[in-house]
Amino acid sequence: MFDRDLWSEIFNSIKKNKLRTFLTGFSVAWGIFILVLLLGSVKGLQNGFAKEFNDDASNSIFIFASTTTKPYGGFDAGRRIILKNKDIEYIKGSFEGSFEYISGRFNKFLPIKHNKEKATFPIRAVHPDHQFIEKTIINKGRFLTQQDLDSRAKVVVLGKKVVEELFKEEEALGNTVEINGYIYTVVGVFSDEGNEREERNVYVPITTFQMIYGNTDQLAQILLTYNPKFSLAEAINFSEVLEELFKRRLIIDPEDQGAIYLNNKAEQFSDVSNFTFILSIMSISIGVLILIAGIVGIGNILVFIIKERTKEIGIRKALGARPSQVIKLVILESVFITSIAGLGGMLFGSGLLALLGPLIDSPGFSNPSVDMLTIIIATIILVISGLLAGLIPAINAANVKPIVALRAD
Amino acid sequence: MLKINKLHKSYPIGDSSLHVLKGIDLSVESGEMVAIMGSSGSGKSTLLNIIGMLDEADEGEYILDNVPIKNLTEKKAAIYRNKFLGFIFQSFNLINYKNAIENVALPLYYQGLKRKERLEKGLFHLEKVGLKDWAHHLPNELSGGQKQRVAIARALAANPKLLLADEPTGALDTKTSYEIMEFIQSLNDEGKTILMVTHEEDIANMCKRIVRLKDGVIMEDTFVEQVRASQYV
Ligand SMILES: Nc1ncnc2c1ncn2[C@@H]1O[C@H](COP(=O)(O)OP(=O)(O)OP(=O)(O)O)[C@@H](O)[C@H]1O
Ligand SMILES: [Mg+2]
């Protein structure tokens, strides 16, 4: 393999056919270049989607209640369905191991005051687990705790944007805000990876708000995340079982599509990953088609070169060259041209992506890039392409009969 | 050294076939220098190619150095050619993009020798044919006689037992032909067995034995008094 003469022969034949070598090498380089760009773009799409989804945990299931659209169990259609605290206890009791985090939630839009500053923000009354479901990032202090809920404490966790508007330069943590005449202590400040809109929220213990506003045990939504070890199929199955049981529990027609609604991220996620998977397959196919053109080109040139070198190969055989040695010569030449050209295309493509990729960040398309695996696979494809391209010409060369070659004057 | 029995060879031409060798019996001892003569198309090259394992006989027996040559794989044939045989051609058949020393060293490459050793041996043989100073010239920078001497050096490089030459002087003028013959004679003096095809009576008479072919059979096989080429040079 690292035989100086073998390589000097390969270089010789490349040198004698500069233009043709360049043209075919170029077509292989181009094929790989396009392949890298295509795969990078698919990656960009995936990144874009992932960013959109990062707003909440990707294994979350939201349960909303509405009004029935069908009469059922002696009730008329149009009955309001209300989720309650005990529904959370029910899930906790019945689905141990299937869910990871669970929280109830309802929203109120109320003005919040601090000194002279006053503004209205959405206030979310939630359980402590909500932090993990929404992927809330605590910057300062802490999130709500079970203790806050048990004691119905008047504490708030404020989004970064809320703090900016109400407190300006002042330290928010440990300070107070006033909501509807009640004074709440700020125990935490958070940000959110998903989007800035999230940072305009305010969290309060759900029990505190249930007591103050109507002394109820009602919830607007139940949010949970399923066991992250679940496969997509298991996750979808879990949410179907949940829906069925909730319909039975709340006396809703199993066919009623409106009364209760489960929003499972798994289903959306599987759609998106199917979509990007199909895109990947498509771009790989296109890249491979272009590559094949390059391979055919190189194969053609080699066949031609072998024709030209028939006499030389005959001489070599008369001097004792074994067929395997002749094959090695031709195939290595082909692998060499494809690999060098392909590497060039790959470097150029991934260099371009590395340079421009980080600058690209729009919704749905972010940081197109290629990973190591793609590069390794492309390299393997290249070497195999080289082998394939060299195969027919190499067999031709090995079949050269020395007398025929020597007679060809 | 070699023994041939009832050797036949035909070439297919269209639907029929051309019977070129029609029962050749020939045996050559070690150290002989044999000229093969005959009119054009009589089968001289065909015979030499079969002896050189570049071609295969249809029928008959061929034993080279006690090894029966029959149904060889390409690989085996290549190894035997490399080990036993040196070829010299009328049209030299040097590889045009390799310089003299690289051409001479090529059989050694196929013997698996290290580069340094190859170049040393190559230079030694080039010196033997008097072309040491031309080692780094390409074939197209050499005269016909020089090319043939490079080719002879190449044939000698692997130290073969048998040298096969198909009209080695066919493309050279008389003076150069004699110089080449003088060198080939010196090789024979050193003990190399040599088989050469030639058209020229004077060249044939510089061998020790003349085999005449006609219509695919040996018509005459005589030992002759060797004329030394040195007297003409
Ligand atoms: N591969 C081949 N296919 C068909 N016919 C062939 C082939 N090789 C040789 N012949 C024919 O066989 C006959 C003998 O050829 P060969 O080359 O042995 O002659 P030769 O005695 O060497 O002649 P010359 O003195 O012209 O070199 C010729 O008629 C030639 O045309
Ligand atoms: Mg001939």
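1. A residue is called buried when its relative accessible area is under 20%, exposed when it is over 50%, and partly exposed in between. The model under discussion is predicted. With a relative accessible area of 35%, A:Ile251 therefore falls in the partly exposed class.

2. The backbone of A:Ile251 deserves a remark as well. Its phi is near 55 degrees, a positive value in a residue other than glycine. A:Ile251 is placed in the loop of chain A between helix H8 (232–249) and strand S12 (260–264).

3. A:Lys168 is not a glycine, yet its phi is positive, at about 50 degrees. This residue belongs to the loop that runs between helix H6 (160–167) and strand S7 (176–179) of chain A.

4. Helix H6 of chain A also contains a charged pair. A:Lys161 and A:Glu164 form a salt bridge in which the closest N and O atoms are 3.8 Å apart. Because the two residues are three apart in this helix, about one helical turn separates A:Glu164 from A:Lys161. A:Glu164 has 43% relative accessibility and so counts as partly exposed.

5. Another salt bridge in chain A joins the side chains of A:Arg309 and A:Glu312, with an N to O distance of 3.2 Å. Are these two residues buried or exposed? Both A:Arg309 and A:Glu312 are buried.

6. Chain A further holds a network of salt bridges that links A:Arg105, A:Arg124, A:Glu134 and A:Glu198. Over all chains, the structure holds 27 salt bridges.

7. In chain B, the side chains of B:Asp189 and B:Arg228 meet in a salt bridge, at 2.6 Å from N to O. The pair links distant parts of the chain, 39 residues apart: B:Asp189 lies in helix H6 (residues 174–189) of chain B, and B:Arg228 in the segment after strand S10 (217–223) of chain B. B:Arg228 counts as partly exposed at 33% relative accessibility, and B:Asp189 is partly exposed with a relative accessible area of 45%.

8. The segment after S10 of chain B is also the place of B:Ser230. At 38% relative accessibility, B:Ser230 counts as partly exposed.

9. The axes of helix H3 (residues 100–110) of chain B and helix H5 (residues 144–157) of chain B come within 7 Å and cross at roughly 25 degrees. H3(B) is therefore roughly parallel to H5(B). The crossing in which H3(B) passes H5(B) is right-handed.

10. The last point concerns the surface of chain A. Which residues make the nonpolar surface patch of about 770 Å²? The patch is made by A:Met372, A:Ile376, A:Ile380, A:Ile384, A:Leu388, A:Leu391, A:Ile392 and A:Ile395. One of them, A:Leu391, lies in helix H12 (residues 372–398) of chain A. A:Leu391 has a relative accessible area of 40% and is therefore partly exposed.

Terms used:
Residues are numbered from 1 along each chain as its sequence is written. Chains are lettered from A and ligands numbered from 1 in the order in which they are written. This is a predicted model: local features need pLDDT of at least 70, side-chain atom pairs count only at pLDDT 80 or more; totals for chains, interfaces and linings use all residues. Side-chain values use heavy atoms; hydrogens and water are left out. Patches are made of residues with over 30% relative accessible area and no salt bridge: like charges are joined within 9 Å, nonpolar side chains (Val, Leu, Ile, Met, Phe, Trp, Tyr) within 5 Å. Accessible areas come from the Shrake-Rupley method with a 1.4 Å probe; for residues, only the protein chains shown count as cover. A salt bridge is a side-chain nitrogen of Lys or Arg within 4 Å of a carboxyl oxygen of Asp or Glu. Helices (H or I, at least four residues) and strands (E, at least two) are DSSP runs, numbered from the N terminus. Buried means under 20% relative accessible area, exposed over 50%, partly exposed in between (1.4 Å probe, protein chains only). Axes are lines fitted to C-alpha atoms, for helices over the stretch in contact, and angles run from 0 to 180 degrees between N-to-C directions. Angles under 35 degrees count as roughly parallel, over 145 as roughly antiparallel, 65 to 115 as roughly perpendicular and the rest as oblique. A crossing is left-handed if the near helix is turned anticlockwise from the far one by less than a right angle, and right-handed if clockwise.
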